[in-house]
Structure formats: C-alpha cells, structure tokens
Amino acid sequence: MRVLIVEDDETLADGLSVGLRLQGFTPELVTCCADAREALAQGGFSAVVLDLMLPDGSGLDLLAGLRAGGDRLPVLLLTALDQVRDRIGGLDAGADDYLGKPFDLGEVSARLRAIIRRAEGRASALLEWNGLRLDPSRMSGEMDGRELRFSRREFSVLRALIETPGVIVEKDRLEERLYGWQEGVESNAVEVHVHKLRAKLGAGFIETVRGVGYRLAEPRP
Amino acid sequence: MSSIRTRLFVILLAATGVVWLSAVWWIQHSTRSEVEQVLDARLAEAAQMVSSLISDRRIDVASAGPVELNLPVPAAGSDYSRQLSCQIWSLDGALLGASASAPSGRLAAEQTGFSDSLVDGEAWRVYTMINEDLGLRVMVGDRLTVRERLVTDVVRGLLLPALAILPVLAALIWISVGRGLAPLDRMARALSARTADDLGPVSAGPLPREIRPMGAALDGLFARVAGAREREKSFTAFAAHELKTPLAGIKTQAQIAAMAPDEATRRQALARIEAGVARTDRMVRQLLELAAVDGAPEGGGEIVDMTRLVSDLGQDMRRLATERDVQLRLEMAPELFCRIPDPVLPAVALRNIVENAVLASPPGSEVVVEGVARDARITLSVLDRGPGIPEAERARVTERFFRGAGAPAGGSGLGLAIAQVAVERLGGRLGFEARTGGGEAVQIVLPCAGPVHESGRASEGRDTATRS
C-alpha cells in the first residue's frame, strides 16, 4: 500500500518512512504542502500521514483543499497539539484519524490499516477471496487450513490485486505499489513476485492478461 | 461626585437657577428704571395739572388756608390708590393747600424739578414747580416705598411660578439626563455580559457620537489583547510542535532500531536518534534562553567588556564552525566596555546570530564578527557568505518560530527572535542587510555611555568579566 508521508522534520520523516516500510507499506515522503499537493495530484496513494505544521503552511489547509476537491483519500493527522479542541478541529477538517506526538510506530500502521479498511468499505480487518484469508496487519494469510507467510513485496502485489478482485491491475500500477520513487525498479520484479505467489497460492489463483497486467481468478465453482 | 447623572443634574439645575436669577435681577432692574421714568413723568404731569388748575382759578388757594385738593388718582380699591400727594406753598414759605394724603411736613426744599427727600421718616420722590403768575410753589410727590412695592410685586410675580415649576423642571432634567446616559448603561450591560473569550468589537452596533471614541478605544484594546492571546496560544502550539516532533522522531527511530532486520538499518536509526537528541537539546536551550531574555531586567546593571565576551563566544562556537568547515574570525576593537543590565543578553543574542551565520555558510567560507565603538555606541556585526535572507522574509525573520523557505534544516526559528528580544532589552537595535558579494550582515547597535578607557572603570569592567 502506497502511503504519502507529509512531514518536515528530518528525523521523524525518516523514522516514519523506514518504519512503515518495515510494516509492509510503501511510503513516499514529501516535506512541504506544495510537494504534497503535487504528489496527491498524481494519485495512487492508499492513505496520507499528514503533519499539522509544515514550513509553507498548515496541514489542515492542505486537508481542507483535498476534501474541497472531493477526494476521500484516508488521512491520518500527526500533531503535537493533543488538546481535545485541536483533535476536534482536525477531525472536522476532514481527517479520518488523529495521532498525538510522540506515537508508537505500531499504532501508526494499525490506524493506517484501519482507515484504509474503512475507506474501502470493509468491516473486517481480513481480506478474503477465493478461499484465501489475508491479514494485512501480520502480512500473512490462510488458505485451506494452511498458514501462508509472504515477503513484504509479495504481500504488496497480493494486497493490490485483492483490493479489486477480478479486475485487471496494470503492471505499472503494481510496480508503483512495490517501489517508492526513491527506489530503483527491476524490470522483471513483478513477474518474480507473481511467480512466488503462484507457488504459495496455486497456479490458477492469479491470472496473467498478456500485455496488460494481472488479476485474481474468479472463485472456483 | 462619581455619578455622571447626579453631577449633570446638579450642574443643569444650578445653571437653570443662575439663569433664572440673573433674569429676575435684570427684570427687577429694568422694571425699576421703567417705573421711575413713568412715575416721574406722572409726577411732573400732575404738578403741571395742579398749577394750571390754580391758574384757571378752579382751585382757590389765595383766599383760604389749607384746602383739600382732589386730584385724579387711579381707580379706588387698588393698592396703589392715593399714592400721589400734593402741597402748594407760597413763595415765602406758607402752606396754602395740600391733598388729603399729603404728609404734614414740607415735601421738598427750595429747588425746582425732581428731588428725593425724607418727610416724617418716609422717603419721597417729589417734583417741584413754581407758578410765577401766582407766586406759588407746587410740589407733587409719591412715597418711594410704593414704587419699591411695585417692583417687588413684579419680581414676586416672576419668582412664584418659577418656584412652583422648579420640582417639575428638576424631575424633567433627572429623567432626560438618565435617558441621555442610557447608551452607556447599555454598553456596560453588554460588556459585563461578555465571556472572557469574547473579544469582538464593542462598536458593532450603532453608538452615539459621544461614546464612539470610547467604543473605538475599547475595540483597540480588545484587538491588542486578542492579538497577545493569539500570539501566546500560537507560541504554546509552536513550542509543543517543536519539542514533540523531534521526540516523536527519536521514539520512532528507537523502535526502528529495536526491530531493524539488518545492521545497516539499526546503525542508521541510532545515528538519527543522536542527531534528534542534539536538535531537541538546542531547541530546549533556545526556549530557555527565550524565557531568560523575556524576563531579563531593563536598564542599569554592570560594566561588561564586550571584546572579552565576544572572544569567549568565539571559543564556544569554534567547534561548530570546524564541523561545518567554516572559518570564524573575530575583529574586535580592544576594550569595548559597556554598561548593560545583564551580560547574558548580548551573549545570547550574539551566540544565536553567529550560530545562524555558521549554519548558513557554505563550507570553506568565513564568518566575521566585528566590533567597533562610535558615537557612544558599540556596533557588533556578524558577516557571512551564506545565501542571505530573502528580501520578502527580512521583516519576519525575528518572529518566533518563523522559518524561511530557504532556511537550513533543523533550525527552530527561534534564534533571531531571541536575538531581537535580547537586543531590545539592551535598548539597542538589531539590523539585517544584504552584503555586497553575497551573504548577510547582521548588526547589533548598543547604546553605551561611551567606551570607557580610564583605568579605574576599565579595571572594574575587567573584574566583572573575570568574575562572571
């Protein structure tokens, strides 16, 4: 899951970036409102982690602009002002959740998963398709009574496909989900991960649509 | 008298009274002179009439002793009836005739025309004329008390209704003053009904012209209080953000170090923790400095050797400069003594400015600290070759927590704000100027009673510096 981090403090931004990557997200980092607007315009994010005080303005203004444009992207606010009034202000401005600094990395990723789940309209934390039950919080799954473990990148590909089961996901989009802007993309990386996933889930679970991308196969009758 | 209503009431009532009394006085005066003229004319007329009656022989005075004269008098029954009295004397001094109301004494002496006289203890106004044909002296007079009563009656006629009206007038004044002051009452009620957070303008509604200045002054005060409160609130918010953000960073990095899958990630996280702690430390130091300079006394104080202060500072900053590969050069005139409230003020101001200059300088460049004394002023300049402060931001760089778009990362936005407050406490001025050839020149101009070079005070200054 690609997550946009908008944070100007070097230490914290790096911590969030590295920490969320370790937790299975694909974080992108920007340090000011202007860069954030540009990144959001390009799209492709599952959620935004937004600091309130940024060098070129307030995170709340950025959020208000986003909501005014009709964007329902889940937003997690990070702020030092954990007065009730400020929390209310943040939520009323359109934030989906709120965390006061300093926070726990585990809590950041749990809250991110929760707001993404809500945005996708799912009640359960588990993603289910065709006999597979996927647990995003542990990057693991269960199929036919078997416990399955996935690497971070395998999980990213599977997560992207299971969000819209049966719908073709382009290879480019999968690459985007796999790698941040900062990382170099290996040309056959997606194929490699799909191959490994087929080994774990069965050859027919993921279908290749030649020249376009991949999709999850319709359930077995 | 603290009540405006009572005061206005008394003033208005007194003023009305004074106006009334002056009118009465004036009317009394003019009535008196008017009455005198009219009655004098009547006296003269009556005398003429008596004289001509005698000449026509309608009154025979030659044959008889004192006779009763019946003169035309105002309608009987009036208070003023029979007020005229007449006496006819022969030129040799015998009383030939007199009216019934005439006194027994002679009304006037020898002279003709108008005269005042005292007859039988009563004051009289008399007109005397001589009838040459018959050799008679005709005197017609009236009592002055009667005239006086006339005037008094007129005045009484004025005063009595006035006195009757007075309570009504007082009530009217009291009510209208109350009405006139009602907007003040309304304003007071509106103000007292406000909550502590309500700092909106008073003059939102229509105010009478007289209290509009007060409304405007209150609005101004409210705006200033709201501004101060807003600054305080944003200071707290900023301070919370500036302290909690690096703490959040440190905590996150610590968690990463704990769960790092490989050695490189762990080592990097630990390095970031160290940097974060250093930054937080600087932030805390600056917040404490800000609190210290905010609370520093103004005026008075001790004599400090600025040259020495700057060289101590140079020692402190040398490590940071070396880390950044920046040359720090001090060019101080010797023995710059200055009496200042607290030596911590110039030290804190300079340290923050020099720190900023070093952090903004490109590696291999030079930061110069100059100090000169001129015209009872000490000027300390910090010159760097960094990118300089953008023109648009120059006015805002001393705002607390203001960080320019191009400011070096990791700054708190407090350094120059601290310098500004410290220099203000010293009664000096902080100036920023672009340097020719690039970079920024920051100047602190401190007023001094003149650099002190005499041995006595100089050594005092040196002692102070040594002690501190």
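In this predicted model, strand 12 of chain A is joined to strand 14 (residues 213–216) of chain A by two bridges, and the two strands run antiparallel. Within this pairing, E170(A) faces G213(A), a residue of strand 14 of chain A. The pair belongs to an open sheet of three strands in chain A, ordered 12-14-13 and paired in antiparallel fashion. Strand 12 (169–170) and strand 13 (206–209) of chain A form the edges of this sheet, each pairing on one side only. A helix accompanies the sheet: helix 6 (residues 152–163) of chain A lies across strand 12, strand 13 and strand 14 of chain A. Relative to strand 14 of chain A, helix 6 of chain A runs at about 65 degrees.

Chain A also holds an open sheet of four strands, in the order 8-9-10-11, again with antiparallel pairing. Strand 8 (127–129) and strand 11 (146–149) of chain A each have a single partner strand, so one side of each is left without a neighbour in the sheet. On average, and with direction ignored, neighbouring strands here are turned by 20 degrees against each other. Inside the sheet, four bridges connect strand 9 (residues 132–135) of chain A with strand 10 (residues 140–143) of chain A, and these two run antiparallel. One position to look up in the structure is D135(A), which stands opposite S140(A) in strand 10 of chain A.

Turning to an annotated site, the unreviewed UniProt entry lists D51(A) for "modified residue: 4-aspartylphosphate". In the model, D51(A) lies in strand 3 (residues 47–51) of chain A. With 26 other C-beta atoms within 10 Å, D51(A) counts as buried, because the cut-off for that class is 20 or more. Leaving aside neighbours within four places in sequence, the contacts of D51(A) are V6(A), E7(A), D8(A), G59(A) and L78(A).

In chain B, a hairpin is formed by strand 4 and strand 5, with two residues between them. Seven bridges join strand 4 (residues 113–119) of chain B to strand 5 (residues 122–131) of chain B, and the strands run antiparallel. V119(B) has E122(B), in strand 5 of chain B, as its bridge partner. In the turn, D120(B) shows a positive phi of about 50 degrees.

Two helices of chain B also meet. The axes of helix 3 (residues 212–259) and helix 4 (residues 263–295) of chain B come within 8 Å and cross at roughly 160 degrees, which makes helix 3 of chain B roughly antiparallel to helix 4 of chain B. This crossing of helix 3 and helix 4 of chain B is left-handed. Residues of helix 3 of chain B that take part in the meeting include A239(B), L243(B), L247(B), I250(B) and A257(B).

Between the chains, 24 residues of chain B are in contact with 19 residues of chain A. Helix 3 and helix 4 of chain B each supply at least two residues of the side of chain B that touches chain A. Helix 3 of chain B gives the most to that side, with 16 residues.

Conventions
Residues are numbered from 1 along each chain as its sequence is written. Chains are lettered from A and ligands numbered from 1 in the order in which they are written. This is a predicted model: local features need pLDDT of at least 70, side-chain atom pairs count only at pLDDT 80 or more; totals for chains, interfaces and linings use all residues. Two strands pair if DSSP finds at least two bridges between them. Two residues are in contact if their C-beta atoms, placed from the backbone, lie within 7 Å. Axes are lines fitted to C-alpha atoms, for helices over the stretch in contact, and angles run from 0 to 180 degrees between N-to-C directions. UniProt positions are given in the numbering used here, feature names are shortened, and annotations may be inferred rather than shown by experiment. A residue is buried if 20 or more other C-beta atoms lie within 10 Å of its own, exposed if 12 or fewer, and partly exposed in between; C-beta atoms are placed from the backbone. Angles under 35 degrees count as roughly parallel, over 145 as roughly antiparallel, 65 to 115 as roughly perpendicular and the rest as oblique. A crossing is left-handed if the near helix is turned anticlockwise from the far one by less than a right angle, and right-handed if clockwise.
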